[in-house]
Amino acid sequence: MKLTVIQGDITKCAVDAIVNAANSSLLGGGGVDGAIHRAAGPDLLAECRMLNGCPTGQAKITGGYRLPARYVIHTVGPIWRGGNSREPELLASCYRRVLEIATERGLITVAFPNISTGVYRYPKDQACAIALKTVQEFGQQRETSVHEVQFVCFDDENFRLYQQGLSTTA
Ligand code: AR6
């Protein structure tokens, strides 16, 4: 499994699936969630309404509609509450569940945003370490169709952390 870091807007990524950092209603919000719904159009929200939400740490897949990506895998990251409320375990579960669903569908390329590091206030350095470790372990331990995982960083701090993290762990 190849891991790459890019800086930019995930709604522009022409991959099999982009990942949405959603909330448990799956009915839209701000940040990357808002950007994905705006770019995908109203049919995405219509499909999301039929999913009955999603628990923290879990994921659900929909079509990509007007996006260049074929699918959106919606996952719900933990809200940072200081670190003693199972945040690391729940964040790792988001990355793992997304890759499990992508594998079930036979998808090859998946692009992740930096889940929980915006409105949910997860410390970016800790979130980056968990994301890289979880995805690398998945690639080493599981049979998967996923050949490329892109970490799409919007802000400079995340971009720098992921570049640094990949250069020291790759
Ligand atoms: N492409 C890629 N990354 C982006 C984009 C974009 N277009 N826009 C923002 N980011 P956030 P969370 C980055 O707040 O912390 C929503 O309201 C951003 O810089 O989108 O998981 C949901 O509905 C940050 O690093 O998600 C939930 O209520 C990262 O995406 C809540 O926010 C995640 O920031 C989820 O909070």
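Two residues are in contact when heavy atoms of theirs lie within 4.5 Å. Keep that in mind for this predicted model.

Now look at the elements. The protein chain has five helices and six strands. Follow the sequence and the pattern reads β-β-α-α-β-β-α-β-α-β-α.

Next comes the overall form. The C-alpha trace spans about 40 × 35 × 30 Å along its principal axes. For 170 residues, a compact globule would have a radius of gyration near 15 Å. The protein chain has 14 Å, so the value agrees with that expectation.

What about the surface? Its accessible area is about 8100 Å², and carbon and sulfur atoms make up 49% of that area. Of the 170 residues, 52% count as buried. Charges come next. There are 17 positive and 16 negative side chains. The centres of these two sets lie 4 Å apart.

Finally, zoom in on one residue, Ser 145. Find Ser 145 in the loop between helix 4 (124–141) and strand 6 (148–153). Is Ser 145 buried or exposed? Its relative accessibility is 19%. Buried means under 20%, so Ser 145 counts as buried.

Which residues does Ser 145 touch, leaving aside its neighbours within four places in sequence? They are Ala 102, Thr 103, Gly 106, Leu 107 and Ile 108. With Leu 107 there is a further detail: its backbone oxygen lies 2.7 Å from a polar atom of the Ser 145 side chain. Glu 100 is 45 residues from Ser 145 along the chain, and their C-alpha atoms are separated by 9.8 Å.

Definitions and conventions: Residues numbered from 1 in each chain as written. Predicted model: local features only at pLDDT ≥ 70, side-chain atom pairs only at ≥ 80, totals over all residues. Heavy atoms only, no water. Helix = DSSP H or I, 4+ residues; strand = E, 2+ residues; numbered from the N terminus. Rg over C-alpha atoms; globule rule 2.2 N^0.38 Å. Buried < 20%, exposed > 50% of the residue type's maximum accessible area, 1.4 Å probe, protein only. Areas by Shrake-Rupley, 256 points an atom, 1.4 Å probe, with all protein chains shown as cover. Lys, Arg positive; Asp, Glu negative; His and termini not counted. Charge placed at Lys NZ, Arg CZ, Asp CG, Glu CD. Polar contact = N/O pair within 3.5 Å; in protein donor to acceptor, adjacent residues only side chain to side chain.
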